[in-house]
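Good morning, and thank you for coming.

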Amino acid sequence: MAQAISFARGAPSLDIVDVDGLKEAAERAFTEDPGGVTAYGTSIGYPPLREWIAEYHQVDPKRVLVTNGSMQADAFLFEALVGAGDTVIVERPTYDRTLLSLRNRGADVRMVELEPDGIDVAALERVLAAGAEPRLAHIIPNFQNPAGYTLSAAKRERLLELARDHDFVIFEDDPYVRLRFEGAPLDSMLSMDGDRVVYASSFSKTVCPGVRVGYLVGPEELIARIAKLATSTYISPSMVSQAIVNQFCRSGAIDRSIETVKAALRERAQTLCAALERELPDARFVPPQGGYFLWIDLPRGADVAALFAAAAERGVQFVKGSDFVLEGGESSLRLAYSGVTPDEIEEGVARLADAYREVSAPAGAEVA
């Protein structure tokens, strides 16, 4: 059997995780605050980390809630704001776990097409003009999962205008923002209008997935309400993980870690794009400027489900595009390049191209 190569999971490979820095941060956390680290804590999270996040975003700490991963933050926000039948705008495609969570809540999910510069705001305007009254619009503005696209500055401004005009909340889901390896950073919508935006991010992408530390920034009244939900859910999140992340951030290790990760991601993204252009010329894609993901559209009629099976036979995994939409997506797929080395990318794309030739060949034809 060939060595398995996975383009399926959005997580950094171990070689670019600062394990030594995390060990040092853990030792400092237990040495400097053994009582705070080992106690239950409060539902708002480890207070020193909450303060660091508030300072980073230039907001009052009362507007911050630190959670067990960003998916927990999402779940709390949806529980606070979204009921059965409420309309929620999402990008098409969007993160599959977000779709699942909203559908499980009975939300009326309206998907609006995603373009290389972000959600199609003209299409959103048409949805609103047709009478939709969304409670929430879920937007992943930077290096979107699964597409890898980034919302332009002009579209950020227009989205905020629409949110004000139609009285809905923008949920700015932003775990990849610091992983930009090309181009200039853009202002967050939170910084542009803190009353209309609830912001979420995660240390899973910048420190390591295993810490499971995420957070929300929003209006003080909403954060207080979500803190009560957190209390009834788990009393408090993990003080150990959050204290380690706090030390990792305050020591400056997070900045060094991010630079290491960005350099690796840049090389891996470039290698992936070059390999696809060489081995799989039918693939249409937009080279990412950051983040973990590349979205591929194959020619109309391409059977990605068959490609998925043929690639698996060759030890290659990816995620089908149909997983990220309510319907359609049969000719698209997502490749995550964060957890594979350049050599693995080269080999993985060669196998993927071989699988594509097999499933695309006319019946009875031999594959070269």
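This is a predicted model: local features need pLDDT of at least 70, side-chain atom pairs count only at pLDDT 80 or more; totals for chains, interfaces and linings use all residues.

Most residues other than glycine have a negative phi, and most peptide bonds are trans. R212, however, has a positive phi, near 50°, and this residue is not a glycine. Is R212 buried, partly exposed or exposed? Its relative accessible area is 39%, so R212 is partly exposed.

A second residue of this kind is F143, whose phi is positive at about 55° although F143 is not a glycine. F143 belongs to the loop between β6 and α7. In contrast to R212, which is partly exposed, F143 has a relative accessibility of 1% and therefore counts as buried, since the cut-off for that word is under 20%.

The next point concerns the peptide bonds. N145 and P146 are joined by a cis peptide bond, with omega about 25°. P146 is again in the loop between β6, residues 136-139, and α7. Another cis bond runs from R92 to P93, and there omega is near 5°. P93 sits in the loop that links β3, residues 87-92, with α5, residues 96-104.

I turn now to the helices. Two packed helices are described by the angle between their axes and the distance between the axes. Helix α6 spans residues 121-129 and helix α7 spans residues 153-166; their axes come within 11 Å and cross at roughly 10°. On the α6 side, V121, L124, E125 and L128 take part, and they meet K155, R158, L159, L162 and H166 of α7. By class, this contact comprises 5 nonpolar, 1 polar and 3 charged residues.

How many cavities of 30 Å³ or more does a search of the whole structure find? The search finds 2. The largest cavity holds about 140 Å³ of space. It is lined by 15 residues, and the closest to its centre are Y56, R178, S201, F203 and Y215. Both α3, residues 47-57, and β8, residues 197-202, supply at least two residues of this lining, and α3 gives the most, with 4 residues. The lining of the largest cavity divides into 10 nonpolar, 4 polar and 1 charged.

The second largest cavity holds about 30 Å³. Its lining consists of P12, I16, V17, D18, K205, T206, V207, S257 and V261. By class, these are 5 nonpolar, 2 polar and 2 charged residues.

That concludes the presentation, and I thank you for your attention.

Conventions
Residues are numbered from 1 along each chain as its sequence is written. Side-chain values use heavy atoms; hydrogens and water are left out. Axes are lines fitted to C-alpha atoms, for helices over the stretch in contact, and angles run from 0 to 180 degrees between N-to-C directions. Contact means heavy atoms within 4.5 Å. Ala, Val, Leu, Ile, Met, Phe, Trp, Tyr, Cys and Pro count as nonpolar, Asp, Glu, Lys and Arg as charged, and the others, Gly among them, as polar. On a 1 Å grid over the protein atoms alone, a cavity is a set of points where a 1.4 Å probe fits but cannot get out, and a pocket is an open set with protein on both sides within 12 Å along at least five of seven lines; lining residues have an atom within 4 Å of a point. Grid points are joined across faces, edges and corners, and a volume is the space filled by probe spheres set on the points. Buried means under 20% relative accessible area, exposed over 50%, partly exposed in between (1.4 Å probe, protein chains only).
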